[in-house]
Structure formats: structure tokens, C-alpha cells
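Have the viewer open as you read.

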Amino acid sequence: MGEVFVITSGKGGVGKTTTTANIGTSLAMLGYRVVLVDADIGLRNLDVVMGLENRIVYDLVDVAHGRCRLRQALIRDRRFETLYLLPAAQTKDKNAISPEQMKALCEEIKKECDYLLVDCPAGIEQGFRNAVAGADRAIVVTTPEVAAVRDADRIIGLLEASEIRNPLLILNRIRPKMVRTGDMLDVDDVIEHLAIELLGIVPDDESIIVSTNRGEPAVLNSHSKAGEAYRNISRRIAGEEVPFMNLENGGGFMDRVRRLLGLRTS
Amino acid sequence: MLELLQRIFRRDSYKTSKDVAHERLRLVLMHDRLDLSPKVMEELRADLMNVIKEYMVIDEKTMEINLEKDQQCVALVANIPVIRMKRLPNS
Ligand SMILES: Nc1ncnc2c1ncn2[C@@H]1O[C@H](COP(=O)(O)OP(=O)(O)OP(=O)(O)O)[C@@H](O)[C@H]1O
Ligand SMILES: [Mg+2]
């Protein structure tokens, strides 16, 4: 029996879909059977990030309403044969699926995979309730910004109310240089505020944009720092102990000057 | 450039934007989390009442508790009319 993770954030655009695609691909690289479910109904995205947009025939809502069988709607990844995507519907009807239907669907899928990852839409409305309905655990994605951390805090409260305990945190889009100069919240600040377990830190990285353009998740690129961070995260999910990545590479000139002068380098 | 110099020779009073964000986050989260549901407020009120009743007889009907907040801090303010003190064993 597989485990269902919902990837959620509250605030939009902080990297839920990027995270879902990368963790999913990387778990499949490790040999696990993985199903990705795009629960962002009306704003289908995960298919594009995965580069599978041309192969969609049926979607999540079709399955939930019995218009096709689950097997017919699952799209197999081009690269890994243990990786599947269940795409979101592009309907405008927000109530196209209910939490009960979503829960039943997750129950059915998890019987035949190791990890089921649900890409949650932004917000705390119906879409959120659907996405968490079948989840065993949650991964909260945030960026080092006041608004994103605040929304993450709301989400953690709502997850608790839905009886999803001990969510894990991914801090995305960290810029080590800005952290060093004191212009970005660092991981310790965020953890102090949210008081949840850290699953990983992902740097802000241009390779994410390149990989999204190509429809090839960054974990496939061995030179990508963000890809490396996501590969580490996946190994942690699979139970391995992997030390947190050192995002500082060398330190800038001013940083070295400050250190020479014995001043705080944070 | 001036900003850069200030940062290099950062004094204790100089606040980086990260320090500012940290403090704003602390306040905003405190306010957000204060938004307790009526159910939780009712539980808090009942718990408080039970503790106080050990020591004095209070007017339960007019007792009031509130969380008061301003820009900088938060206080739990209670207004509990006391009707009579109990005779406590060691007084
Ligand atoms: N680590 C990163 N480095 C650089 N760009 C990133 C990183 N993570 C995400 N992005 C970019 O940020 C944008 C938003 O990412 P993504 O679509 O994954 O967010 P989301 O939380 O799923 O958004 P939504 O709430 O709209 O569903 C994308 O353009 C993505 O390429
Ligand atoms: Mg998304």
C-alpha cells in the first residue's frame, strides 16, 4: 500500500507544481512506483511541467464520474515506466469533484503504487479541501517571503484541522547570496516561525526555468543545483538520511572582506 | 554605495531587510493565530472560570474575556466581577 502526499502552500506560485514534478520523477528514478495527480482543476499545469501535455485523453474528473477507467486516464511518463500522471480537468466548474470522490480515487490508486503525490491548487477553498481529502501526509512549500510564510502557517493550521499531522517543509527559491547579505529570511528564521520539520531547501535556480521550457524536470539534469536538492529530498522521503545541501559556494568578495574584518556574516 | 558601506560596517542598530521581515512575520503570525474560533474561546473561558471558582464566587454571567491587540503586543484581558471571597483553609 502506497503513501499519499499532498503538496500544498496556500500562496500561489511558490513552487508546488515544480516540486511535485521533481520529487515524483526523482522517486521514479530511484525505482519506486509513482503516480502524480494534478488536483488544480481548471488550471492544469503539471502535464506541461512533465512534458506530457500532448498525451492527455481523459482526466481526473472523467475518472471520478466513471466516464472512463483509471487505467485509461493514467499517462505513462516518457522516461520512466514506473511514473504516471493523472491530469486535471480543464473545466471551469469548481465543484466538478468532491472530497469524497477524491478520497476514493486516492484509495484506489495507492493500492498499486509506492507514492502518490497530489499537486494542490493555491488557496484554502474547495480545491484545497479536495486535494487533502485522500492525503496521509503533507508537504508544505514556501518561499522566504513574509506573505508566503504567513500563508504556509494558515495551511499548517488547516492541515491539522483535517487531521493531517506533522507536515514537512520545503523552503524553495533560496538565494544564498541574499541570505548572506542579510536581505533574505534564512531557513532557521522560517523554521522558527512555522515550527515544523524541514524536508529540504531548494535554491532559486535558472535551470528550473530551462527545464520547465523543455518539459524535463530538473532532477534529470545532473548539473542543476535545484535538481540536486530535489533528488536529496526524494531520498529523504524514501527514508534515507541525507545531509542538507551547502548552498554557499565559496562566498562573495564582500563576504570575505567582512569575515577578514571579523564582522558578522550571518 | 552608502548602503553597501553601512552594511559592511554594520552596527548593531542597523537592521537588515531580513531582520525587518523576521519581526513583521512574528507580529503577523501572532495576530493570525489569535483568530481563535468561538469554540476555543468558550473552552478557555470555561477553564479560567473553573480555576477562579476555587478561590472566589464570581458572576459568571457578566464575566468577560477578550484578546486585545495593538500594533506591538497582545494581551488577554479579563473582567470578572467577584461576588464573594471563599474562606480558604490557610488564611
Ligand atoms: N527553485 C526555483 N528556481 C527558479 N524558479 C522557480 C523555482 N521554483 C519555482 N520556480 C518558478 O516559479 C514559477 C511558479 O512555480 P510553480 O508553477 O511550480 O508554482 P505553484 O505553486 O505550482 O503555482 P500555482 O499556485 O499557480 O499552482 C514557475 O515559473 C517556476 O518555473
Ligand atoms: Mg501549480
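Start with the contacts: in chain A, among those with a separation of 6 or more, 74% are between residues 24 or more positions apart. Keep in mind that this is a predicted model. The secondary structure behind that picture is twelve helices and eight strands in chain A.

What about overall dimensions? The C-alpha trace of chain A spans about 70 × 40 × 35 Å along its principal axes. On the burial side, 53% of the 266 residues in chain A are buried.

Chain A has an accessible surface of about 12,200 Å², and carbon and sulfur atoms contribute 47% of that. As for charges, chain A carries 34 positive and 38 negative ones, and their mean positions sit 3 Å apart.

On to the backbone. One is R173(A), not a glycine, yet with a positive phi of about 65 degrees. You'll find R173(A) in strand β7, residues 168-174 of chain A. Its side of the story on exposure is in between: R173(A) has a relative accessible area of 41%, so it counts as partly exposed.

The other is A195(A), again not a glycine, with a positive phi of about 50 degrees. Where does A195(A) lie? Look in the loop between α9 (187-194) and β8 (197-203) of chain A. A195(A) has a relative accessibility of 61%, and because the cut-off for exposed is over 50%, A195(A) counts as exposed.

How values were computed
Residues are numbered from 1 along each chain as its sequence is written. Chains are lettered from A and ligands numbered from 1 in the order in which they are written. This is a predicted model: local features need pLDDT of at least 70, side-chain atom pairs count only at pLDDT 80 or more; totals for chains, interfaces and linings use all residues. Side-chain values use heavy atoms; hydrogens and water are left out. Helices (H or I, at least four residues) and strands (E, at least two) are DSSP runs, numbered from the N terminus. Buried means under 20% relative accessible area, exposed over 50%, partly exposed in between (1.4 Å probe, protein chains only). Contact means heavy atoms within 4.5 Å. Accessible areas come from the Shrake-Rupley method with a 1.4 Å probe; for residues, only the protein chains shown count as cover. Lys and Arg count as positive and Asp and Glu as negative; His and the chain ends are not counted. The place of a charge is taken as NZ of Lys, CZ of Arg, CG of Asp or CD of Glu.
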